Amino acid sequence: MKKNIRAKRLFASVHSRLDGLRTVAAATIFSMVVSAFSPAAIMAATGGGEYDLTITGTTVNGLSVQVDGTGFGVPFVGQFSQHDVQVNWGDGNVDDTSVLEFVDLSHGNVKNFSGPWHNTHDYEAGGTYTIIAKLYHATPPGAESSGEATASVQVTVSESSPQCSDTTDNDGDQLVDLADPGCANAEDNDETDPVTPTPTPTPTPTPTPTPQCSDTTDNDGDQLVDEQDPGCSAPDDDDETDPVDPTPTPTPTPSPTPTPQCSDTTDNDGDQLVDSEDPGCSNPDDDDETDLVDPTPTPTPQCSDGEDNDADELIDSDDPGCSAPDDDDETDPVDPTPTPTPTPSPTPTPQCSDGEDNDDDGEVDLDDLGCDSDEDDDETDPVDPTPTPTPTPTPTPTTECSDGVDNDDDELVDMDDPGCTGTDDDNEDNGDGPGPTPTPTPTPEPTPTPTPTPGGGGSSPTPTPTPRGGANGPPGRGPGVPTGVPAGSVPQPRVLGVSTEETPFVCSTEYLKKFIKYGAKNDPEEVKKLQEFLNKNLGLSLAVTGVYDKATRDAVMEFQKKYWEQVLLPWVPYGLPNAQTPTGYVYKTTKRWINLLECPDLNMPLPTLP
């Protein structure tokens, strides 16, 4: 509504000026005919500012034309001195600068200016011309500018026009046509002043002052200017004094223009980003810090989103399905003849937390003098000006009952050998010399055992303990499990002792209690138990160090392929490429099957997947 009022006021002002123009016969005098005139304000908002330019009138004097107008910018961009008005005269000539009377009214964070402007031009021939004016910033046509204000003028020249109507100062007295005392009427062809005995100087006309309500000046000192002042009823009102109220009320102080959101040092849209750091800000004058909404946001590729998208217990660059961080398909490639997918090399663990003796001084990680913290990647001991030799620690010997070797050649190893009373027993001989000593195996009363069905689609049988005869079991068995158990078979409980009566071992808790992953910070005691189990189950000789190294991970993958139906097959519906793709991750199904092989009587169900 305020813009409409302003346009109406400007239009009224233009008509007031046009009423004062003299109308003369076009055939006999120099004349000006306004055939099309657009005094309404032309505005455009760019870069956070608003610019307004108006052509308020044109004056034609023969072939010379003057155009007048007003303009303002609020808030303006850049420096006040960088603004100007460009005029295209319609005959191929363009003036990039005009006579400006703009006043800088900036205060505080509010930058604005306003005021009148004008420009003149001499045409080479008569005709009708369209004048286009534009307020711009910096270099024309300007990065920030107003719209275009236009006016059409017709310039007509007649050589027979009398001097008193040719709009020319023919006698050089700075008075033209009927304003000259030498002209009796418009048809008078002699502008020479009459000779008088005592000539009186003709006073120079005083230019009409700009009304107080459009001169961009605070005339009554109330800190309000022009139309913002309650004393102004219209732009041509020449008294800005506020009206006297019989019951005066305090004039409210105008609210300061608020600082734009993109320069107020406030997080206006609650995204924890302020001003120029907020993607919603295009420049400091932007008053909307809200982030632009992308109608189709680009999702984060699967290979860099930190998620296990194909449920194979491998994430992003560790997943063989990822070729690069922008790969959006984490599914492992399907090989017609599947081979174990190599696990990507993890980010190297710092030397002071990798469980390795990197400087061969017999000390590992934080026990090493060269380590300041578990992030230290140099285990080398500091150089002592007077070094003393570091004694090499004497390795703890491995006993026959914990070395993974059949020391008495009876085809039974370590704690499966009746000659071992504990892992610290250093004599595996059971007293009968080399070779297996058969022990009469009593025939136990049969106990029905349901035949398990191999798990399809994520299910796997829960083993039921079945007593078996003999003290040591047939040759080649691991800890209570026959070597070469067919896929899907139920593991048998461990039987201890040499009595002819069966006494099944009963577990009171899980053998492995925690998940174990390559490259993670694992529980060393849990890793030791895992290494001992793999040595017994797979007949390996892994070093029982408590460190989940590559050799231990490879053994886990061998174990997973051996018991693929119970360990890998349940994961196929959740993204594992096939049941022959080991992960090396002692996770839900792998941990469960190790516990069941060690402790069948736990009767552990298949855990919830994924």
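Colleague: Before we start, what should I know about the numbering and the model?
Modeller: Residues are numbered from 1 along each chain as its sequence is written, and side-chain values use heavy atoms, with hydrogens and water left out. In this predicted model, local features need pLDDT of at least 70, side-chain atom pairs count only at pLDDT 80 or more, and totals for chains, interfaces and linings use all residues.

Colleague: How many helices and strands does the chain have?
Modeller: Both are DSSP runs numbered from the N terminus: helices are H or I with at least four residues, strands are E with at least two. On that count, the chain has 5 helices and 11 strands.

Colleague: What share of the residues is buried?
Modeller: Buried means under 20% relative accessible area, with a 1.4 Å probe and protein chains only. The chain has 610 residues, and the share that counts as buried is 35%.

Colleague: Is the angle between H2 and H3 oblique or perpendicular?
Modeller: For H2 (residues 524-538) and H3 (residues 550-562), the axes come within 10 Å and cross at roughly 50°. Under 35 degrees is roughly parallel, over 145 roughly antiparallel, 65 to 115 roughly perpendicular and the rest oblique. H2 and H3 are therefore oblique.

Colleague: How many nonpolar residues are in the contact of H2 with H3?
Modeller: Contact means heavy atoms within 4.5 Å, and the residues making this one include Leu530 and Phe533 of H2 and Val556 and Phe559 of H3. Ala, Val, Leu, Ile, Met, Phe, Trp, Tyr, Cys and Pro count as nonpolar, Asp, Glu, Lys and Arg as charged, and the others, Gly among them, as polar. Alongside 3 polar and 2 charged residues, the nonpolar ones number 7.

Colleague: Which helices do the buried residues of H5 pack against?
Modeller: H5 covers residues 588-598 and is mostly covered, with 11 of its 11 residues buried. Among them are Trp593, Ile594 and Leu597. Their packing partners are H2, H3 and H4 (564-567).

Colleague: How are H3 and H5 set relative to each other?
Modeller: They pack with their axes 11 Å apart, at an angle of about 80°. H3 and H5 are therefore roughly perpendicular.

Colleague: How many charged residues are in the contact of H3 with H5?
Modeller: From H3 come Val556, Phe559 and Gln560, and from H5 come Thr590, Trp593, Ile594 and Leu597. They divide into 5 nonpolar, 2 polar and, for charged, none.

Note on methods:
Axes are lines fitted to C-alpha atoms, for helices over the stretch in contact, and angles run from 0 to 180 degrees between N-to-C directions. Buried means under 20% relative accessible area, exposed over 50%, partly exposed in between (1.4 Å probe, protein chains only).
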